[in-house]
Amino acid sequence: MIKSNEIPIKHAQSIKGDIATTKIGKFNFYIWDYTGVEHFSFIWEEFIKESDAVLLITDSTKENIEKSKFFLEIIRSEAPIANVAVIANKQDLIQAMNAKEIEKILGFKTYSIVAVDPINRIKIIQIIAELLNISSGVSQQIRTMEERDNLRNYLEQLIEDNDFQLANTVIDRIIDLCVELGDDALSNDFKELGIKLDHILDEKINDIGQLIPEGLTETEPAEGQATSVKARLLETLVTNYMKSIESVIEVTICDRDGFTIMSQSKKKIARDDVLGAMATVIDDYIDRMKNEFDAEGNFFNITMISDKKIAYCSMGPNSILTSIAELSASDVELRIFSEHVASKVELILEGNENVDVEIPLVITTMSKSKGGELPTGKFSTKIIMTGNYQVGKTSLVSRFVRNLFQESYQSTIGVDLSEKVVELSDDTKIKFIIWDIGGQITQIAPYRKRFYEGANSAFIVLDRTRPGTLKSVEIWYNDISKYVNEDINIIIVGNKTDLTDEIKVSEEDIRSLAEKFGFHYILTSAKTGENVNDAFLYIAYKFLESISS
Ligand code: GDP
Ligand code: MG
């Protein structure tokens, strides 16, 4: 509410940390907001330590208030001189205890509030002001803040309407207001946005001569043509797959009812034995899938029939990929290739015509990792997301963790922590703890060290439509090297690959840069999801390789 963002209605699955900067009265604030999820409890002491003021938020239920006493203990030991107040939130719910009762139980001044009601924004700022004894002079600041927030909404509207000229004027005013409020981070964000809009305006003017007159726009391809594009893409994809692993001898793509979409085989196999058995097994799987998984459920399994391995994989609602391989194929490589190819099949069947059907080098590399043997156990790895502003760091994380993509840009403030557990096999689980930092990394200098500390792996993300972001890869690499001395696994990620018409950074450009540093690279789209899983999996395999060597 302090940042005046919309209140999330659904509780986000990820584990979030956030630092908001704001100014009230004469003071600049860093407001740290961290998760209450228990296995992140290692953060709490550090988090509360030496705070000047602590606001404890409760949902006003009896159970939650009892649990909150735990925090009061930490506050007593880590921040004994802090001013403490309690917020009794969700006062609109029937079971809510009132502020007076809560105050009696916890022993600190308690304010009641309904956080979903935006009107309370001013109230919460006043609570903070009161907590810090700085109420005089606050009201002017609040008015400035309100003006800024209204303009931010207006700006969004203007950008949506493509009115960049007016948007630029509004940005200038927002920057002034941010400066007045002492919010440098946000003012810099808006400066960058202004520069971006300037570019768009320049390009628009240059393009005017080439605009296609109305009525002459390209016609939609006919149904028949569309399917042949699909067929051609699937064909090439499967050919490339079979070329990449010697031991795979037959590949079939069928829909989720078991009807074959296409099939390729390298050599005649003992059809009667294998295919007959295979048909039975696949029918069985389809039944199981229908019963046990929803339409979206992903699936991977390997069975052995006579002297062949059969891998079944589904990465979406449209298809099942079946691969028949010699026993020399490792389960690991079958899984890595199957998941990669099955994801591509889904993209193609959804009508995506720009799917890259070449098998990326990282796929081959990770499938050969440790000769296909995985260390067994549960592992955990810290990944940091680096790269310039707006390259898609947050989008990649959200695609990987929640399979979501958001078109509208929300700059990350502070740090987002997300985690996801992936089962690489029955005996190998890996937990990804992903640190995604906002654009103002240079401004919160003390935070920087913490961000880099202990990282096992790093993404350096670039936006393929902005050549400057490729140049910055070296800067990020140097920054990482400064803070992390051990062997950190790095992958260069060329994102926004879906924007085919706007791409200015070619695969070749990225490859030669990656080679210069000795890293691998991958081309992704957080929007379509292309290769996003593979980027994270690559990092996982690299990590497992490094700890078990
Ligand atoms: P960050 O600043 O690096 O965290 O960038 P974000 O993830 O917030 O993304 C910046 C903007 O680019 C947002 O508007 C996203 O919707 C958009 N974006 C991110 N990834 C892609 C992508 O792969 N394709 C396209 N077309 N847009 C993307
Ligand atoms: Mg971000």
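Visitor: How many residues surround ligand 1, and which are the closest?

Guide: There are 20 around ligand 1, and the closest are T394, S395, Q406, D498 and A526. To count as near, a residue needs a heavy atom within 4 Å of the molecule. Keep in mind that this is a predicted model, where local features need pLDDT of at least 70 and side-chain atom pairs count only at pLDDT 80 or more, while totals for chains, interfaces and linings use all residues. Residues are numbered from 1 along each chain as written, chains are lettered from A and ligands numbered from 1 in the order written, and side-chain values use heavy atoms, leaving out hydrogens and water.

Visitor: What makes the pairing of K393 with an oxygen atom of ligand 1 a polar contact?

Guide: A polar contact is a pair of N or O atoms within 3.5 Å. A polar side-chain atom of K393 lies 2.8 Å from a ligand oxygen, so the pair falls inside that limit. Q390 uses a backbone N or O atom, 2.8 Å from an oxygen of ligand 1. N495 has a polar side-chain atom 3.1 Å from a nitrogen of ligand 1.

Visitor: Why is helix 14 called roughly parallel to helix 15?

Guide: First, a helix here is a DSSP run of H or I with at least four residues, numbered from the N terminus. Axes are lines fitted to C-alpha atoms over the stretch in contact, and angles run from 0 to 180 degrees between N-to-C directions. Helix 14 (residues 467–483) and helix 15 (residues 507–517) pack at about 20 degrees, with axes 11 Å apart. That makes the two roughly parallel, because angles under 35 degrees get that label, those over 145 are roughly antiparallel, 65 to 115 roughly perpendicular, and the rest oblique.

Visitor: Why is helix 10 roughly antiparallel to helix 11, then?

Guide: Helix 10 (residues 331–349) and helix 11 (residues 361–368) pack at about 155 degrees, their axes 8 Å apart. That angle is what makes helix 10 roughly antiparallel to helix 11. The contact (heavy atoms within 4.5 Å) involves V332, E333, I336, F337 and H340 of helix 10, plus I363, T364, M366 and S367 of helix 11.

Visitor: And what makes helix 12 roughly perpendicular to helix 16?

Guide: The axes of helix 12 (residues 393–402) and helix 16 (residues 532–547) cross at roughly 85 degrees and come within 9 Å. So helix 12 is roughly perpendicular to helix 16. In this pair, L396, V397, R399 and F400 of helix 12 meet V532, N533 and F536 of helix 16.

Definitions and conventions:
A polar contact is a pair of N or O atoms within 3.5 Å; within protein, one must be able to donate a hydrogen and the other to accept it, and residues adjacent in sequence count only if both atoms are side-chain atoms.
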